[in-house]
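This report covers a metal site, a pocket and some backbone features of one protein model. The sequence and structure come first.

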Amino acid sequence: MTVFALETSCDETSAAVLVNGCVRANIVASQIRLHAEYGGVVPELAAREHLRNLIPVARMAFETAQISPSEVDLVAATRGPGLPTALWIGLRAAQAMAFALGRPFLGVHHHAAHLYSPWLQGQPACLDLSGFEPHVSLIVSGGHTLLVYVTAPLQHHLLGATIDDAAGECFDKTGKLLGLPYPAGPWIDRLAEEGNPAAHSFPRPLRDDSTDNFSFSGLKTAVRYFLRDHPEVVQHKGSLSDLCASIQAAIVDVLVTKTLRAATRLGVSLVTASGGVTCNRALRRQLQDACNRHGLQLRLADPTYCTDNAAMVGALAELLARHGRSPTPLDADILPDWSLEEAHV
Ligand code: KG4
Ligand code: ZN
């Protein structure tokens, strides 16, 4: 089966071609530079940029895959959650393409697409669910921080989510306070590699709380007050690195502790992690160390598939087709607030 997929839920315009679950092309046009001067994603600008990029990105995906549109068996796009105006562009383009080609269309859930990205493995990357067992999945990104109990393929139970800022948002907003460019996550990651994570002690919000929910806005406020009292820290690379390492340590500690606690409580022996923040090296190392200590297996999404991309959208569409899910109507609308538990059941 040949799947063509589009992803436009936020600030990446992406198109992918998968043949029998293997990624033949995954083109991503990032809008990071466009939004950097505003310090965050501006929805109206994102939508215009998707319109500009969509056709070149789609054309490049077909050329890279050496597949023609007439060979496509299934067209897919992200239907939600995401920025409404951004979602509309990819969804409507994919539906129009399915209509023109006379092929089925599948609208997929963005977080579910992240959730299966750790199962894209190998070179070329192929969707391979052998080794699947009930597991706890951490989805951690700029717009979402979720803990999910996956009992069977496409059976998702939401354990917890952030009650305010997402973890990626915390990286980006605290980084902005430090004067780092948007998105600050990768900058903090790089600076933190040379810093001392024990240099400063920041709060670990909700880490020891009995729920699986997260909260990161208090940490951001703590960094704001810290900078008010110690403005000189950001002026020297050494002290800035220590500060980045200390902020990152607080975020990573909360993510790792809560993921491992949920996994232990539910008695699973597998943990997966995906989403943009899963690129973070300290998070990858510490999740691995914690899983080793608890005798759990860990599956991390490859960094290529951590940030938003259409390959994961196509992979989920392939999985849905394998599980006999019906096509989405060609006039189906976007679902900006689509719940993960209701999607694809
Ligand atoms: O999954 P993604 O591309 O978009 C959303 O769906 O939100 O994630 C983007 C987020 C941003 O907040 C960015 O700062 C963060 O992922 N990020 C990182 C790293 N790389 C990307 N955060 C920490 N360390 C990184 N290396
Ligand atoms: Zn995402």
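The model is predicted, so local features need pLDDT of at least 70 and side-chain atom pairs count only at pLDDT 80 or more, while totals for chains, interfaces and linings use all residues. Residues are numbered from 1 along each chain as its sequence is written, chains are lettered from A and ligands numbered from 1 in the order in which they are written, and side-chain values use heavy atoms, with hydrogens and water left out.

## The largest pocket

A pocket here is an open set of points on a 1 Å grid over the protein atoms alone, where a 1.4 Å probe fits, with protein on both sides within 12 Å along at least five of seven lines; lining residues have an atom within 4 Å of a point. The volume of the largest pocket is about 1,000 Å³, taken as the space filled by probe spheres set on the points, with grid points joined across faces, edges and corners. Its lining has 39 residues, and those nearest the centre are Ser-141, Gly-142, Gly-143, Asp-172 and Tyr-182.

Helices (H or I, at least four residues) and strands (E, at least two) are DSSP runs, numbered from the N terminus. Strand E3 (22-30), H4, helix H5 (167-177) and helix H6 (185-192) each give at least two residues to the lining of the largest pocket. H5 supplies the largest share, five residues. By residue class, the lining consists of 14 nonpolar, 17 polar and eight charged residues. In this count Ala, Val, Leu, Ile, Met, Phe, Trp, Tyr, Cys and Pro are nonpolar, Asp, Glu, Lys and Arg are charged, and the others, Gly among them, are polar.

## The zinc site

Which residues are the protein donors of the zinc ion (ligand 2)? They are His-110 (NE2), His-114 (NE2) and Asp-308 (OD), at 2.1 to 2.2 Å from the ion. Donors are N, O and S atoms within 2.8 Å of the metal (3.2 Å for Na, K and Ca); water is not among the atoms, so sites may look incomplete.

The four donor atoms around the zinc ion subtend angles of 89 to 146 degrees, and the arrangement is therefore irregular. Four donors count as tetrahedral if all angles lie between 85 and 135 degrees; four count as square planar and six as octahedral if opposite donors are over 155 degrees apart and all others between 65 and 115; anything else is irregular.

The sequence spacing of the donor residues is H-x3-H-x193-D. His-110 belongs to helix H4 (residues 110-116) and Asp-308 to the loop between strand E12 (297-300) and helix H10 (310-322), so the pair ties together parts 198 residues apart in sequence. His-110 and Asp-308 are both buried, where buried means under 20% relative accessible area, exposed over 50% and partly exposed in between (1.4 Å probe, protein chains only).

## Loops and backbone geometry

| Peptide bond | Omega |
|---|---|
| Gln-123 to Pro-124 | near 0 degrees |
| Tyr-182 to Pro-183 | near -10 degrees |

Pro-124 sits in the loop between strand E6 (120-121) and strand E7 (126-127). Pro-183 is in the loop between H5 and H6. Leu-180 is also placed in the loop between H5 and H6, and is buried with a relative accessible area of 13%.

Asn-20, although not a glycine, has a positive phi of about 50 degrees; this residue is in the loop between strand E2 (12-19) and E3. Leu-154 is not a glycine either and has a positive phi of about 70 degrees. Its loop joins strand E9 (145-152) and strand E10 (155-161), and Leu-154 counts as buried because its relative accessibility is 0%.

Gly-238 lies in helix H8 (residues 237-266) and is partly exposed, with a relative accessible area of 47%. Thr-64, in helix H2 (residues 43-65), counts as partly exposed at 45% relative accessibility.
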